[in-house]
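User: Could you take a close look at one helix for me, along with the side-chain contacts that involve it? I'd enjoy a connected walk-through.

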Amino acid sequence: MTPDQKQIDAIMQSKVAAANSSFTAGMKLLPPRQRAAMFALYAFCREVDDIADGDIPTNDPMQALEAWRGHLRGLAQNLPAEPGEPIILTALRGVVVDFGVAVQDLIAIVDGMAMDAAGPILAPDRETLELYCDRVASAVGRASGVIFGAGNGQAPLQVAHHLGRALQKTNILRDLDEDAARGRLYMPRDLLDAHQVTCATPEQALAHPGLDAACRDLAQEARDHFLAADAAMRDCAPRSMRSARLMGAYYRLILKHMHKRGWNAPRVRVGLSRWDKLLLLVRALLS
């Protein structure tokens with residue numbers, strides 16, 4: 001029996017709640033129709049990320065991601081739903097039809113996850129890092145901007161470009177140890193080389209005394225992206241950017257806390273207190 005829209009929305013909401021993401025508060029600022037669309041987009045991102053990370057059992061993650069590419073190409077071609085298709089795909093159909101989200105951006109997200117699934121990323125060159133950030137973060141921002149109703153033109157695209165990179169580079173700095181446990185090191189090679197950080201393995205790089213300086217350089221890049229995103233948001237409809245501003249504020253504060261603490265071992269994962277979150281939420285509601 002095919003679930004109705006109400007059931008689909010409830011399933012997407014439960015998937016978002018289970019992820020316990022910092023983005024949830026930002027999505028809850030949206031009107032119901034847009035919120036449901038964002039929940040579907042987030043559930044899709046979580047699904048393909050879990051495939052790439054091996055958190056969803058599959059014999060071949062690359063094949064599972066290619067299956068998602070096939071589903072999305074079918075969406076682009078307006079092919080009818082197939083019996084038994086993934087419930088997240090059913091939810092995405094409504095997002096693409098109702099909001100006009102570009103399927104190519106959804107495929108780009110899958111391509112970004114495939115970069116992880118293809119093998120551990122270890123100190124990528126700058127071009128590879130920027131491509132990765134565009135696929136796993138800025139592509140999400142482009143799709144989100146359409147759902148938010150940010151309008152056409154360059155400003156929403158610039159918000160997606162810069163805010164996506166700001167968030168992703170902050171994630172890289174926050175998740176150093178978690179990524180190393182998976183054999184990954186996303187710190188760009190040019191910054192590691194600039195501070196003579198050897199990186200034959202993630203553990204070697206994370207123990208190097210020059211790591212803190214390299215991380216501070218990447219943190220400055222993230223701050224520059226936050227400032228550029230702020231400037232671009234001023235050229236968008238103000239209410240359309242409320243969720244984006246809250247998401248940015250969360251990560252900006254996390255970056256501030258990390259910068260104060262530094263990146264030398266031992267590193268304790270930085271989070272926000274309940275009071276921090278409440279204060280940022282109130283500011284977003286008043287904006």
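Analyst: Happy to! Let's start from one residue, keeping in mind that this is a predicted model. Arg 69 has a relative accessible area of 13%, so it counts as buried. Its side chain meets that of Asp 111 in a salt bridge, at 2.7 Å from N to O. The two residues are 42 apart and link distant parts of the chain, with Arg 69 in helix α4 (residues 61–76) and Asp 111 in helix α6. Asp 111 is buried as well, since its relative accessible area is 17%, and the cut-off for buried is under 20%.

That brings us to α6 itself. Just after α6 comes Gly 119, which takes a positive phi of about 155°.

For context, the structure has a count of 23 salt bridges. Another one joins Glu 130 to Arg 126, where the closest N and O atoms are 3.4 Å apart. These two are four residues apart in helix α7, so about one helical turn separates them. Arg 126 is partly exposed, at a relative accessible area of 25%. Both residues also belong to one network of salt bridges that share partners, whose members include Asp 105, Asp 134 and Arg 142.

Technical notes: Residues are numbered from 1 along each chain as its sequence is written. This is a predicted model: local features need pLDDT of at least 70, side-chain atom pairs count only at pLDDT 80 or more; totals for chains, interfaces and linings use all residues. Side-chain values use heavy atoms; hydrogens and water are left out. A salt bridge is a side-chain nitrogen of Lys or Arg within 4 Å of a carboxyl oxygen of Asp or Glu. Buried means under 20% relative accessible area, exposed over 50%, partly exposed in between (1.4 Å probe, protein chains only).
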